[in-house]
Amino acid sequence: MKHHILTILVLVVFNTLTIYAQDKIEYLEAQATITALTSKVRARNSTEKASITFVTQGGDTILSSAKLLHIPFLGSFKKVGDQITVNYQKSNPYLVQSTNELFVRTYGLYILIGFGVVISAYRIIKISKNKLLS
């Protein structure tokens, strides 16, 4: 019985290491010009995309699109002709991400968790003060 559990544990660890051992995708940074903006609103979800053009480090001009960080009902405050910083894949420069989108993907959850901790701590302190006063 212990031998089977040990075998399963080794297989799970090996599979996990195999997944994390994949090659990282290399991104390069470029300045892009917004050529068009499109907004989509679906129920509670809204997105704003920008059609962009930029020049790769190899000198190729690429036409692509990237999601913009925006505030629902207000937009992204970007307009046609504005410059934005984008990251594109070195192996496929048509796959583009705006730096704002990367920031939200990387730190958005941590910011929300921190905000929740601060609100919870405030409420706990407020409740404990009310109990002491009673």
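Biologist: Where does glutamate 48 lie?
Modeller: Glutamate 48 lies in strand β2. Helices (H or I, at least four residues) and strands (E, at least two) are DSSP runs, numbered from the N terminus. Mind that this is a predicted model: local features need pLDDT of at least 70, side-chain atom pairs count only at pLDDT 80 or more, and totals for chains, interfaces and linings use all residues. Residues are numbered from 1 along each chain as its sequence is written, and side-chain values use heavy atoms, without hydrogens and water.

Biologist: Glutamate 48, buried or exposed?
Modeller: Glutamate 48 counts as buried because its relative accessibility is 8%. Buried means under 20% relative accessible area, exposed means over 50%, and partly exposed is in between (1.4 Å probe, protein chains only).

Biologist: How are the C-alpha atoms of glutamate 48 and histidine 70 separated?
Modeller: By 6.9 Å. Along the chain, glutamate 48 and histidine 70 are 22 residues apart.

Biologist: Which residues make the covered face of β2?
Modeller: Ser46, Glu48, Ala50, Ile52 and Phe54. The uncovered face of β2 has Asn45, Thr47, Lys49, Ser51, Thr53 and Val55.

Biologist: Every second residue, then. Why do the side chains alternate?
Modeller: In a regular strand, side chains alternate between the two faces of the sheet, so neighbours along the strand point to opposite faces.

Biologist: Take valine 55 on the uncovered side. Which residues is valine 55 in contact with, leaving aside its neighbours within four places in sequence?
Modeller: Ala30, Asp60 and Thr61. Contact means heavy atoms within 4.5 Å. The C-alpha atoms of valine 55 and alanine 30 are separated by 7.1 Å, though the two are 25 residues apart along the chain. Valine 55 counts as partly exposed because its relative accessible area is 48%.

Biologist: What does β2 pair with? Start with β1.
Modeller: β1 and β2 pair in the antiparallel sense over 10 bridges. Two strands pair if DSSP finds at least two bridges between them. Lysine 40, for example, has threonine 47 in β2 as its bridge partner. The β1 and β2 hairpin has two residues between the strands, and alanine 43 takes a positive phi near 50° there.

Biologist: And how many bridges join β2 to β3?
Modeller: Seven, and β2 and β3 run antiparallel. Isoleucine 52 stands opposite serine 64 in β3. Lysine 49 has lysine 67 in β3 as its bridge partner. In this hairpin, five residues lie between the strands, and glycine 59 takes a positive phi near 95°.

Biologist: New topic. How many aromatic pairs does a search of the whole structure find?
Modeller: One. Phenylalanine 54 and tyrosine 88 form it, tilted, at 5.2 Å centre to centre and 35° between the planes. Rings of Phe, Tyr and Trp (its six-membered ring) pair if their centres lie within 6.5 Å; planes under 30 degrees apart are stacked, over 60 edge-to-face, the rest tilted. The pair links distant parts of the chain: phenylalanine 54 is in β2 (residues 45-55) and tyrosine 88 in β4 (residues 83-89), 34 residues apart.

Biologist: Phenylalanine 54, buried or exposed?
Modeller: Phenylalanine 54 is buried because its relative accessibility is 2%. Tyrosine 88 is buried too, with a relative accessible area of 3%.

Biologist: How many residues of β4 are buried?
Modeller: Five of its seven, and β4 is mostly covered. β4 pairs with β1 (residues 27-42) over seven bridges, in the antiparallel sense. In that pairing, alanine 32 has isoleucine 84 as its bridge partner. β4 also pairs with β5 (residues 96-98), antiparallel, over three bridges. Tyrosine 88 stands opposite valine 96 in β5. A hairpin of six residues joins β4 to β5.

Biologist: Now zoom out. What pattern does the chain follow, read along the sequence?
Modeller: The protein chain reads α-β-β-β-β-β-α. That is two helices and five strands. Of its 134 residues, 20% are buried. Among contacts between residues at least 6 apart in sequence, 48% join residues at least 24 apart.
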